[in-house]
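Reader: Could you take me through this model feature by feature, giving the general idea before the particular case?

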Amino acid sequence: MKPTAVGVVGVGRIGTMHTLNLVRHVPEARVKAVASPRIDPAWADELGIPVATTEADVLLRDPEIEAVVIATPSGRHVEMIRRAARAGKHIFCEKPVAFEEERIEDAIAAAKAAGVQLQVGFNRRFDPSICRLAEAVHAGEVGDLHGLRVINRDPKAPPIDFVRRSGGMFFDFTIHDFDVVRFISGSEIEELYAVGAVLVDPEIGAAGDIDTAVITARLTNGALCVIDNSRQTNYGYDQRFEAFGSKGNLVVDNTQPTTMESYLKNGVFTDKPFPGFVERYQDAFIRELESFITCVRDGSPVKVTAEDALAAVKAAAAAKISALENRPVRLSDAPMTAGRTGP
Amino acid sequence: MRKITTAVVGAGRIGTIHANNLIGMPGARVKTVADPYIVPEDWSSRGIVPTLDPADVMEDPEIDAVLICSPTPTHAEFTEQAARAGKHVFCEKPIALDPDRVRTTLEVVAHAGVKLQVGFNRRFDPTFSRLRQAVVDGEIGDVHLVKIVARDPAPPPPEYVRDSGGMFLDMTIHDFDMVRFLSGSEVEEVQAFGAVLVDPTIGEAGDVDTAVVTLKLTNGALAVIENSRQAVFGYDQRIEVFGSRGGIEAFNESPCQVRLRTEAGIRGSNPLYFFLERYQRSFVAELEAFINSIQEDTQPPVTGQDGLIPLLIGVAATRSMRENRPVRVDSPPPPSTEAP
């Protein structure tokens with residue numbers, strides 16, 4: 001069976017990474033085309049990608065291309081999904097699909113009508129440690145789940161321009177945590193309480209967003225859950241996960257570039273965690289594409305669906321209301337419009 | 001330095017520990033231990049006067065300081081009796097479950113002009129002291145987040161639960177104190193989710209066994225506490241303080257530091273089993289600090305206000321859970337009522 005021809009739409013930071021991962025690490029895929037208004041044909045040529053175009057349509061019209069990776073700016077995801085679905089391409093779309101529930105539902109409907117696969121880029125579901133944690137929870141290794149802890153903290157606050165168009169921290173950042181909670185627990189978020197604060201950078205506050213948050217949640221299986229977020233650690237990308245249950249506790253700690261420990265007069269030192277998500281979730285980014293290509297090739301259902309994206313957005317919308325109105329919010333009560341009005 | 005003559009009222013588990021810790025402490029001696037169920041030989045053999053009647057302690061002019069280690073409902077009354085008798089008081093937490101009762105006691109103490117220290121022992125744990133020091137020294141910059149995991153190894157019997165005041169007043173109260181201690185800030189508002197996941201009889205007794213509590217602090221920082229009445233692997237006590245320049249984290253302590261590597265996997269030791277083991281050193285250090293504050297005539301490191309405020313936070317958390325909404329913490333009375 002020859003490799004599946006893939007097109008990548010959007011080659012910013014994430015699109016470039018996905019392209020490189022496909023070229024280097026996913027032999028079942030062949031990147032045939034890359035499309036971006038700012039495409040560098042020499043770069044594509046170096047990677048052995050035959051088609052470099054500024055027009056996504058060139059790629060969508062190519063009958064040989066079976067699957068597309070959408071890594072355009074977030075605001076264009078749904079439109080690209082619709083176009084790709086109409087063109088009969090299987091779709092891998094970066095998160096967020098959209099901030100509004102009805103637009104995600106549009107994307108789901110478009111993929112369904114066209115009979116194409118649609119996978120969403122919740123990469124953490126493919127991280128070996130998080131997968132192992134989820135498997136252990138599902139296998140009952142800690143008995144009934146009583147508590148989940150997710151720590152998600154960025155190394156450095158993003159530029160303020162990014163903050164302005166990010167949809168707000170709950171939609172941009174915590175959304176991964178909402179998804180990981182659903183993934184690990186195998187349960188839904190029933191009710192949550194979110195508090196936000198501007199402690200890292202007053203400019204983030206001036207832009208109408210927050211940079212620090214604590215979200216507590218009650219899951220449908222009864223377990224309680226705590227997520228904490230910060231936009232800036234100074235010591236690296238802090239990603240830790242715990243699942244506490246009737247039979248014990250499972251802990252996934254940070255991973256580091258090296259395992260060296262230095263025992264010195266003024267203390268014992270180890271490496272800081274990886275500097276960012278690209279390094280920390282390197283394996284996960286490769287494995288999510290491998291999984292996508294496998295599903296495209298054998299027709300099995302994708303592992304992360306747009307319904308998962310929808311559930312995470314619902315949680316983000318509820319968190320936003322909770323923080324604004326300072327009250328616990330049941331997800332079933334959160335209005336669908338919550339994501340529409342900026343951060 | 002003058003040796004402080006002490007007496008212990010209540011010779012149960014914690015009273016016995018305190019009495020034993022005072023024996024041999026350079027600045028103190030234990031003269032009397034009072035308890036209605038006392039076993040006299042346990043104490044007389046070591047030169048300590050056993051008595052059934054706490055009045056023997058209160059009326060003894062030689063006794064400088066009294067440790068109140070009796071059952072919780074008697075703490076306030078004994079504290080007041082000792083204060084009126086002019087004795088400095090170390091009182092186990094909580095002084096009382098009703099904040100108004102605590103306020104009355106604090107007034108009596110203030111009027112008597114004696115010192116009162118409340119038994120929030122964890123402040124004296126070397127590990128948590130180090131966390132506080134990191135905050136004070138600015139090693140992690142401004143505090144943004146305090147995270148506490150506190151899980152007991154096994155749930156208490158249902159009859160204990162019924163009289164405990166509920167998990168927030170009985171168990172989480174230590175964590176409320178720790179948030180104040182580590183952040184150096186007050187708690188403005190709390191929101192609590194609770195659940196009965198460990199033991200249905202706890203639910204039948206009207207309490208919860210699992211909880212998460214979010215706290216907003218006056219300095220703008222956030223805190224979150226996770227509690228369970230049962231961690232099957234042992235006493236789970238971990239704290240992280242995260243700030244503008246980094247974070248500091250305290251892990252569980254084990255009875256021994258080993259790692260067993262076999263075909264079955266790699267295995268470390270469980271945490272120390274419960275609070276007596278985990279906080280052993282803190283129980284000594286809190287009494288040393290109490291004795292020291294009497295000798296030096298300084299304010300005890302954990303004051304009556306420090307005893308009252310976590311109770312107010314616990315009351316707010318209990319209401320938050322019941323009414324499913326964030327609840328603001330009642331302001332404590334001004335610190336002018338504080339004993340010197």
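Author: Let us begin with B:Asn324, which is partly exposed, having 16 other C-beta atoms within 10 Å; here a residue is called buried if 20 or more other C-beta atoms lie within 10 Å of its own, exposed if 12 or fewer, and partly exposed in between, with the C-beta atoms placed from the backbone. The model is a predicted one, in which local features need pLDDT of at least 70 and side-chain atom pairs count only at pLDDT 80 or more, while totals for chains, interfaces and linings use all residues. Residues are numbered from 1 along each chain as its sequence is written, and chains are lettered from A and ligands numbered from 1 in the order in which they are written.

Reader: Where is B:Asn324 found, and what is its phi near?

Author: B:Asn324 is found in the loop between H13 and S15 of chain B, where helices (H or I, at least four residues) and strands (E, at least two) are DSSP runs numbered from the N terminus. Its phi is near 50°, a positive value in a residue other than glycine. In chain A, A:Asn326 likewise has a positive phi, of about 50°, although it is not a glycine; A:Asn326 lies in the loop between H13 and strand S15 (329-330) of chain A and counts as partly exposed, with 15 C-beta neighbours inside 10 Å.

Reader: How should I read the pairing of strands, and in which sense do S1(A) and S2(A) pair?

Author: Strands of a sheet pair through backbone hydrogen bonds, either parallel or antiparallel; the criterion used here is that DSSP finds at least two bridges between the two strands. Strand S1 (residues 4-9) of chain A and S2(A) pair in the parallel sense over six bridges, and A:Gly7 has A:Ala33 as its bridge partner in S2(A). The chain crosses from S1(A) through helix H1 (residues 13-25) of chain A to S2(A), and this β-α-β crossover is right-handed, a term that applies if, with the strands pointing away from the viewer, the path from the first strand over the helix to the second runs clockwise. S2(A) also pairs in the parallel sense with strand S3 (residues 51-53) of chain A, over three bridges, with A:Ala52 in S3(A) as the bridge partner of A:Val34. From S2(A) the chain crosses through helix H2 (residues 41-46) of chain A to S3(A), and this β-α-β crossover is right-handed.

Reader: Is strand S2 of chain A mostly covered or mostly open?

Author: Strand S2 (residues 29-35) of chain A is mostly covered, with five of its seven residues buried.

Reader: Which residues touch the most other members of the largest nonpolar core?

Author: In soluble globular proteins, nonpolar side chains tend to be buried together. A nonpolar core is here a set of buried Ala, Val, Leu, Ile, Met, Phe, Trp, Tyr and Cys residues joined through C-beta atoms within 7 Å. Of the 209 residues in the largest such core, A:Ile70, A:Ile81 and A:Ile91 touch the most other members, and helix H13 (residues 306-325) of chain A gives the most to this core, with 11 residues.
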